[in-house]
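I opened a new page for this structure. My plan was to look up the ligand site before turning to the chain as a whole.

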Amino acid sequence: MVNRMEDMGKGLSKLIKERNLESQYDSLMKEVLRDEDVISFIEENREKLTDERIVRSYAKLYEYVQEKKKFQRKDGMMAPGYMPKLFMNFHVIDVTYVPTTELIAKQKENEIRERIHSMDMPKDVRNATLAKFELTDERREAVSEALDFIDSYLSDPKGFHKSLYLQGSFGVGKTYLLGALAHELAKNGYASTLMHFPSFAVEMKQSIGKNDMSEKLDMVKKSAILMLDDIGADSMSSWIRDDVLGVILQYRMQEQLPTFFSSNFDMKQLENEHLRTSQRGEEEPLKAKRIMERIRYLSKEIKMTGKNRRNG
Ligand code: ADP
Ligand code: MG
């Protein structure tokens, strides 16, 4: 970009010479030299700048004033988010382009978001932050537990910390709280994987026998921080229960990795109504118990109540 600007400058002086546009050039430069930022820059650097050097910098000063105008209009900029700035380039004046504070903030926010791997999650969850979190009495406990988790995790990221099992009816904000938690952790440099468990189960089923299945399962089970959203929302086959969920939980327990859950059902209901009976109707209480043991080991059940926020 800078090179193109230079060419523009060179092109300008060439054009002026060729067409003998000296008088127009003079009036252009008068305008440039009336620019407040140009004036104060020249003043600041007056010791280093002879008149001849200022004249040699005209093309750059012209570029600066033009680009500043575009920047202020927020229109036609060569690099949106970058602001032109004058600087002394050895003996002459030059223009550089510096990122604006807004751009820096945006880039920082993007970096944070890149640490949150969301799989099949609703869009608004990606915008959830604890700062924007609307607190009600009903949510206070869950939020305070979330903050406690963050504190203890940040103080000892390698140690074991019980995560949360957020339980509550549809629309109380469980998923949103998981998103806000992931964002807060990401702000501190920690990556998490946030996934809609029923969609993941379908995806796993579809990739049975394909090579990438175990790869995907591996990736999920090894994520530094894992959040399984909406567990129990769909009926689970024995295979999903034992060979997908069971495998993930077993690994996370062994490795002591933070694992969050959200569910419309409490732990008892999850066990008895969703994990216990296979799709073929067989009772498998021991297998259900084994999964629940792992969930209980990894997380603490927190009840969230409140109105359904989805319908205003
Ligand atoms: P759940 O997962 O419990 O069914 P969601 O987390 O999807 O509920 O929340 C329902 C809706 O309310 C979403 O649109 C979400 O963006 C919004 N929401 C939930 N909690 C909050 C909150 N604390 N502050 C602002 N918006 C929220
Ligand atoms: Mg949800």
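**Ligand site**

I began with a backbone contact: a polar backbone atom of Val172 lies 3.3 Å from an oxygen atom of ligand 1. I noted that the model is predicted, and that the distances here are computed from it.

I then looked up Tyr176, where a polar backbone atom is 2.7 Å from an oxygen atom of ligand 1. For Asp124 I checked the side chain, which has an N or O atom 2.7 Å from an oxygen atom of ligand 1. Ligand 1 has 550 Å² of accessible area on its own, and the protein covers 86% of that.

How many residues surround ligand 1? I found 14, and the closest are Asp124, Gly171, Thr175, Tyr176 and Arg310.

**Chain and domains**

I next looked up how the chain is divided. Domain 1 covers 2-99, and domain 2 covers 109-311. Taken over C-alpha atoms, the centres of domain 1 and domain 2 are 56 Å apart.

Over residues 117-250 I noted 53% helix and 13% strand. The end C-alpha atoms of that stretch are 21 Å apart.

Methods
Residues are numbered from 1 along each chain as its sequence is written. Chains are lettered from A and ligands numbered from 1 in the order in which they are written. This is a predicted model: local features need pLDDT of at least 70, side-chain atom pairs count only at pLDDT 80 or more; totals for chains, interfaces and linings use all residues. Side-chain values use heavy atoms; hydrogens and water are left out. Domain bounds come from an automatic or database domain assignment. Helices (H or I, at least four residues) and strands (E, at least two) are DSSP runs, numbered from the N terminus. A residue is near a molecule or strand if one of its heavy atoms lies within 4 Å of it. A polar contact is a pair of N or O atoms within 3.5 Å; within protein, one must be able to donate a hydrogen and the other to accept it, and residues adjacent in sequence count only if both atoms are side-chain atoms. Accessible areas come from the Shrake-Rupley method with a 1.4 Å probe; for residues, only the protein chains shown count as cover.
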